[in-house]
Amino acid sequence: MPAISDAQLASVLDTAADGIIIIDDRGIVLTYNKACERLFGYTAVEMLGRNVNAIMPTGDSRAHDSYIGNYIGTGRRKIIGIGREVMGQHRDGTKIPVHLSVGEAVTSAGRQFIGIMRDLRARNESEQRLNQLQANLVRMARVSAVDEMGAALAHELNQPLTALMLYLQAVERACAKQGAANAIPTSVMAILEKAVREAERAGSIIQRMRQFIEKRDPVRKRIDLNPLIEDALELTILGSPPGTRIVRELASDLPAVMVDPVQIQQVVVNLVRNALEAIKGTEVQVVRLSTSLRPDGVAMSVLDSGPGIPPAGISELFKAFSSSKSQGLGLGLAISKSIAQTHGGDLIVDPGGRGRGACFTLLLPLPDEATAGATTETEDGHNGSERHRGW
């Protein structure tokens with residue numbers, strides 16, 4: 001059988017994808033291949049003749065020599081022939097998870113140990129990403145279930161609220177018919193009128209919620225943006241913490257835009273909810289929402305008084321499942337940007353910082369000539385022969 005030359009062995013070692021190190025029974029490095037150079041940052045010249053603990057974290061490097069001594073003295077194997085995940089250390093101090101397999105050889109020069117190391121960072125990142133995606137899918141299933149329950153709840157609440165309004169209106173009419181001798185006190189009538197108004201408002205909110213969460217195909221129509229925003233704000237600020245101020249700076253005489261109303265309201269809801277989240281715990285809690293006319297279309301901006309977006313988070317901002325919050329799926333901004341772009345516009349961000357909050361701007365183009373003749377929504381909610389359904 002022909003012997004393997006030193007040149008052939010060196011070629012095999014240097015072309016191996018995994019790091020290969022050979023040490024003697026004192027831990028001194030005898031062989032150190034190219035893959036190790038890439039993995040740990042030290043060259044072969046720097047490592048040959050040096051103790052292998054140079055590529056180990058501090059705690060492991062101090063104990064490594066005693067591990068070798070214990071094995072030689074007792075013969076009990078703890079890692080040799082087994083393999084396990086251990087931590088290595090790059091020359092810049094970065095900890096590196098590696099799978100280490102150790103073999104033993106008795107040579108004329110003495111006992112030697114061969115270590116084969118595979119970088120586990122990519123695998124661990126993939127597993128972590130997969131686990132995160134699985135967790136997100138579970139959360140999405142829960143959100144979907146809650147969404148269905150919310151639709152059912154809105155439907156069920158709509159009927160008793162309608163009945164309540166009818167009863168209150170009937171009482172109001174009966175009170176109005178009372179003669180002078182049995183007149184209802186003015187204060188009681190005022191309370192009754194307020195009760196009717198609040199019941200109507202609750203019914204309106206329930207109706208908007210049903211329309212917002214119902215499954216439907218996208219339908220675009222020419223519509224004024226400001227009333228659309230006002231309706232979305234009414235849904236969004238329900239339950240917002242006391243002390244929070246929503247400042248509206250809505251430009252007058254904006255041209256109508258050709259949009260799917262529900263999708264654009266979804267963008268408004270997402271942006272305002274994110275802004276409300278950003279100002280939690282800040283001294284000044286203000287969300288400023290503005291609209292304006294630009295040469296290329298209509299813009300809506302949401303500016304918060306929070307600390308701004310850290311530079312490290314900007315690149316991941318519009319990626320799905322990239323949320324840094326403990327609640328939510330990290331889909332809001334990704335979906336919002338997609339909605340903006342499918343409308344021919346965009347969603348851009350000024351990250352703020354250094355005393356400025358973040359500002360998200362939704363850009364929507366003006367209708368072109370092909371859609372300029374489309375029917376615009378009327379004040380009473382009608383679009384031609386079709387009822388506008390409350391938007």
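1. Helix axes are lines fitted to C-alpha atoms over the stretch in contact, and angles run from 0 to 180 degrees between N-to-C directions. On that basis, the axes of helix H7 (residues 225-236) and H8 come within 9 Å and cross at roughly 50°. Angles under 35 degrees count as roughly parallel, over 145 as roughly antiparallel, 65 to 115 as roughly perpendicular and the rest as oblique, and H7 and H8 are therefore oblique to each other. In contact terms (heavy atoms within 4.5 Å), Leu225, Leu228, Ile229, Asp231, Ala232, Leu233 and Thr236 in H7 meet a set of H8 residues that includes Pro261, Ile264, Val268, Val272 and Leu276.

2. On provenance, this is a predicted model, in which local features need pLDDT of at least 70 and side-chain atom pairs count only at pLDDT 80 or more, while totals for chains, interfaces and linings use all residues. Residues are numbered from 1 along each chain as its sequence is written, and side-chain values use heavy atoms, with hydrogens and water left out.

3. As for the chain overall, there are ten helices and 14 strands, taken as DSSP runs (H or I of at least four residues for helices, E of at least two for strands) and numbered from the N terminus. Of the 391 residues, 36% count as buried, where buried means under 20% relative accessible area, exposed over 50%, and partly exposed in between, with a 1.4 Å probe and protein chains only. Among the contacts with a separation of 6 or more, 60% come from residues 24 or more positions apart.

4. Five strands form an open sheet in the order E2-E1-E5-E4-E3, with antiparallel pairing; two strands pair if DSSP finds at least two bridges between them. Strand E2 (29-32) and strand E3 (84-89) stand at the edges with a single partner strand each, so one side of each is left without a neighbour in the sheet. On average, and with direction ignored, neighbouring strands of this sheet are turned by 35° against each other.

5. Within the sheet, three bridges join strand E1 (residues 19-24) to E2, and Ile23 has Val29 in E2 as its bridge partner. E3 and strand E4 (residues 95-107) pair in the antiparallel sense over six bridges, with Val86 opposite Val98 in E4; these two strands form a hairpin with five residues between them, and Gly93 in the turn has a positive phi of about 95°. E4 also pairs with strand E5 (residues 110-119) in the antiparallel sense, over ten bridges, through a hairpin of two residues.

6. His343 deserves a separate look, in the loop between helix H10 (332-342) and strand E11 (346-350). At 6% relative accessibility, His343 counts as buried, and the His343 side chain reaches the backbone oxygen of Ile339 at 2.8 Å. Leaving aside neighbours within four places in sequence, His343 is in contact with residues including Arg220, Met258, Asp260, Gln263 and Leu364. Ile339 is itself among the buried residues of H10, and what covers those buried residues includes helix H8 (261-278), E11 and strand E12 (359-364). Just after H10, Gly344 takes a positive phi of about 85°.

7. Most residues other than glycine have a negative phi. Asp253, although not a glycine, has a positive phi of about 60°, and Asp253 is exposed, with a relative accessible area of 75%.

Notes. Polar contact = N/O pair within 3.5 Å; in protein donor to acceptor, adjacent residues only side chain to side chain.
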